Amino acid sequence: MITDAKSVLNMSITVTVSAQNPLASPGYKISIKTKKLLQNREISAGARVNAWVDSVRASSPTHTKSTSSVTDDQVTWNLHHPSALEMFEQIIDASKGKQIVMFLDYDGTLSPIVEDPDRAFMSKKMRKTVRKLAKCFPTAIVSGRCRDKVYKFVKLAELYYAGSHGLDIKGPEKRSKSKSDGESVLFQPASEFLPMIDEVYKQLVDTTKSTPGAKVENNKFCLSVHFRCVDEKKWSELAQQVRSVLKEYPKLRLTQGRKVLEIRPTIKWDKGKALEFLLESLGFANCTDVFPVYIGDDRTDEDAFKILRDRGQGFGILVSKFPKETSASYSLQEPDEVIDFLRRLVEWKQLSLQAHSRM
C-alpha cells in the first residue's frame with residue numbers, strides 16, 4: 001500500500017452515470033460498467049497511482065472491437081446517446097423557431113487526435129465547412145489549447161475563440177483598424193495566475209525531461225502534460241513528477257483528460273462557464289428562443305454538456321467510438337462524422353433561407 005500521500009496522484013471515482021436521454025423523460029439514468037467509462041477526476045493527494053494508471057488505460061482504448069462483439073453496455077449506451085446524424089430531423093424539429101448557436105471543441109472534434117499535439121491540423125474540408133457554418137450561425141471554438149494556438153490551427157477570423165478551457169475569450173476580429181487587439185478580448189478571468197503558470201511550466205519541463213515522450217504544453221492560462229507517447233510503464237513515474245511540482249502550488253488544480261494531465265487555476269471557471277458567458281455576450285442570457293449546440297470529445301467538455309442539460313436548452317454531442325459517462329444527448333464517432341453533421345446543418349439553413357425568400 002502507498003502511504004506517502006503527498007507523492008502520489010489521487011482521484012475521486014464516480015460510479016453513477018447520469019445521462020441526458022433525448023428520447024426519454026428528464027432525469028433518466030442508466031448504468032454502465034465503470035471500467036468501460038472515461039472517468040474525469042479531480043486529482044489530489046491520497047490515492048493509488050496504480051488505480052490512476054488503470055483509469056487512464058480504460059479511458060483511452062487503443063483497439064476497436066469488432067462489430068460482432070458489441071456488448072450490451074454499448075447497445076444500451078447507443079440507445080440513450082443515438083447518432084446525431086441518424087437523429088438529425090428530430091434535432092432540427094427541436095430547434096425550429098430558435099436561434100442555433102454552435103460551440104465546437106478542437107482536438108478530437110475538428111481535428112483527429114494525434115501523437116504530436118503541435119501537428120493536430122484540421123483538414124481543408126473541415127475548415128471550409130466551419131467557415132460556412134459561421135455564416136449561418138454564431139460559432140465559437142472552445143478548447144483547452146492556448147487561444148492563439150487554436151486560432152493558428154483554425155485560421156478563421158469570424159469565429160469566437162475560448163482558449164485555455166474558457167479562461168481566454170475573444171470575439172470575431174473587427175474590420176476597423178481603429179480598435180486595438182486588447183479591446184476585442186472579451187474575458188480573461190485568470191490573468192493574475194500568468195506568472196505562476198509560467199513558473200510551473202518551466203519546472204515541469206525540467207522535472208519531466210527524464211521521461212521519454214512526455215511533452216509539457218503552455219496554454220497561457222493553463223498547462224498540459226501530454227503522455228500519449230510515453231511508455232505505459234512510465235505513467236506512474238510521470239504522475240509523481242507532476243505531483244511533486246504542484247504540491248507547492250495549492251492555487252493550481254490537476255485533472256485528467258485523454259492521455260493528458262491538465263493544470264489549471266482553482267477559480268470556478270470551465271468550458272461550461274465559458275458557454276454561458278458567450279451566450280450572454282451574444283444577447284441570449286435569459287432567452288428561451290436560443291438553441292445552443294456543443295460538440296466535444298473530452299471530459300472537460302462535460303462541464304458544457306451539463307450546463308445545457310441544466311438549462312434545458314439545446315443539446316450536447318459527444319464525439320466518441322466508445323461508451324463513456326456523459327451528459328451529452330447525442331453522439332458522433334469521429335471528426336469525419338462531425339463534418340457530415342455540420343454540413344447538413346448548413347444545407348438545412350440555406351434551404352430554409354431560400355424557402356423564406358420565396359414566400
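Reply: The count comes to 12 aromatic pairs, and keep in mind that this is a predicted model. Start with Phe 187 and Phe 277: their ring centres are 4.8 Å apart and the planes sit at 25°, so this pair is stacked, planes under 30 degrees apart being the cut-off. Phe 187 belongs to strand β6 (residues 185-187) and Phe 277 to helix α9 (residues 271-281), so the pair ties together parts that are 90 residues apart in sequence. Phe 187 itself is partly exposed, at a relative accessible area of 27%.

Now for Tyr 294 and Phe 305. Here the ring centres are 5.6 Å apart with the planes at 90°, so you get an edge-to-face pair.

On to helix α4, which packs on β2 (99-104), among other elements. The buried residues of α4 are Met 126, Arg 127, Thr 129, Val 130, Leu 133 and Cys 136, and they pack against β2, β3 (139-142), α5 (147-154) and α11 (335-357). As for its length, α4 has 13 residues (124-136), which at 1.5 Å a residue should span 18 Å; the end C-alpha atoms are 19 Å apart, which agrees.

How do α4 and α11 cross? Their axes come within 9 Å and cross at roughly 35°, and the crossing is left-handed. On the α4 side the contact involves Lys 125, Met 126, Thr 129, Val 130, Lys 132, Leu 133 and Cys 136, while α11 brings Pro 335, Val 338, Ile 339, Leu 342, Arg 343, Leu 345, Val 346 and Lys 349. Sorted by class, that contact has 10 nonpolar, 1 polar and 4 charged residues.

One more spot is Met 196, in helix α7 (residues 194-208). Met 196 is partly exposed, with a relative accessible area of 22%. Beyond its neighbours within four places in sequence, Met 196 is in contact with Tyr 249, Lys 251 and Leu 252. Take Lys 251: 55 residues separate it from Met 196 in sequence, yet their C-alpha atoms are 9.2 Å apart in space.

Notes
Residues numbered from 1 in each chain as written. Predicted model: local features only at pLDDT ≥ 70, side-chain atom pairs only at ≥ 80, totals over all residues. Heavy atoms only, no water. Helix = DSSP H or I, 4+ residues; strand = E, 2+ residues; numbered from the N terminus. Expected span 1.5 Å × (residues − 1). Buried < 20%, exposed > 50% of the residue type's maximum accessible area, 1.4 Å probe, protein only. Contact = heavy atoms within 4.5 Å. Axes fitted to C-alpha atoms, helices over the stretch in contact; angles between N-to-C directions. Left-handed = near helix turned anticlockwise from the far one by under 90°. Nonpolar A, V, L, I, M, F, W, Y, C, P; charged D, E, K, R; others polar. Phe/Tyr/Trp six-rings, centres within 6.5 Å; stacked < 30°, edge-to-face > 60°.
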